[in-house]
Amino acid sequence: MSGLKRKRNVLNVKQKLEIQQELDNGESVSTDAEDVLNEENAISHSIALQSVETLLDYMGQRGFDYGDITAVRQICVDIRKEMNKQQKQRRVADFFKQ
């Protein structure tokens, strides 16, 4: 274990300034730092979807069980639903910013 290095998540200067500005404006930023770090470490929905679709292709070529393929297809559906939900939230937020 001593040979393993733990990756440290550190906010950059821009991220720190944005959080400080929110604090100065009286906004709550209790989880903003965590959100920023999670965004950096998160896999985008499109990349996840592409990976799952590649897995489906592989499973089809190798003759996997229909139930297994169906389960993986459901993962694609779930990813698309989440993508659509977040896109809708961004549209609503953008509408109110204008």
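Contact here means heavy atoms within 4.5 Å. Leaving aside neighbours within four places in sequence, Ile69 is in contact with Leu56, Met59, Gly60 and Phe64. The model is predicted: local features need pLDDT of at least 70, side-chain atom pairs count only at pLDDT 80 or more, and totals for chains, interfaces and linings use all residues. Residues are numbered from 1 along each chain as its sequence is written, and side-chain values use heavy atoms, with hydrogens and water left out.

Start with helix H3. Helices are DSSP runs (H or I, at least four residues), numbered from the N terminus. H3 covers residues 45-62. The expected span of a helix is 1.5 Å times one less than its number of residues. For the 18 residues of H3 that gives 26 Å, and the end C-alpha atoms are 26 Å apart, so the two agree.

Which residues of H3 are buried? They are Leu49, Val52, Leu56 and Met59. Buried means under 20% relative accessible area, exposed means over 50%, and partly exposed lies in between (1.4 Å probe, protein chains only). Seen down the axis of H3, the buried residues fall within an arc of 80 degrees, so they line one face of the helix. That arc is taken from the directions from the helix axis to the C-beta atoms. Just after H3, Gly63 takes a positive phi of about 70 degrees.

Now turn to helix H4, residues 66-97. Its 32 residues should span 46 Å, and its end C-alpha atoms are 47 Å apart, which agrees. In H4, Ile69, Val72, Cys76 and Ile79 are buried. These buried residues pack against H3. In turn, the buried residues of H3 pack against H4.

The packing can also be read as a core. A nonpolar core is a set of buried Ala, Val, Leu, Ile, Met, Phe, Trp, Tyr and Cys residues joined through side-chain atoms within 4.5 Å. The largest one has eight residues: Leu49, Val52, Leu56, Met59, Ile69, Val72, Cys76 and Ile79. H3 and H4 each supply at least two residues of this core.

Next, the charged pairs. A salt bridge is a side-chain nitrogen of Lys or Arg within 4 Å of a carboxyl oxygen of Asp or Glu. How many does a search of the whole structure find? It finds two. Glu53 and Arg80 meet in one, at 2.6 Å from N to O. This pair links distant parts of the chain: Glu53 is in H3, Arg80 is in H4, and they are 27 residues apart. Glu53 is partly exposed at 31% relative accessible area, and Arg80 is partly exposed at 39%.

Lys85 forms a salt bridge with Glu82, with the closest N and O atoms 3.7 Å apart. Both lie in H4, three residues apart, about one turn of the helix. Lys85 is partly exposed at 43%, as is Glu82 at 27%.

Last, the rings. Rings of Phe, Tyr and Trp (its six-membered ring) pair if their centres lie within 6.5 Å; planes under 30 degrees apart count as stacked, over 60 as edge-to-face and the rest as tilted. The count comes to one aromatic pair. The rings of Tyr58 and Phe64 have centres 6.1 Å apart and planes at 55 degrees, so the pair is tilted. Tyr58 is partly exposed at 39%, and Phe64 is partly exposed at 37%.
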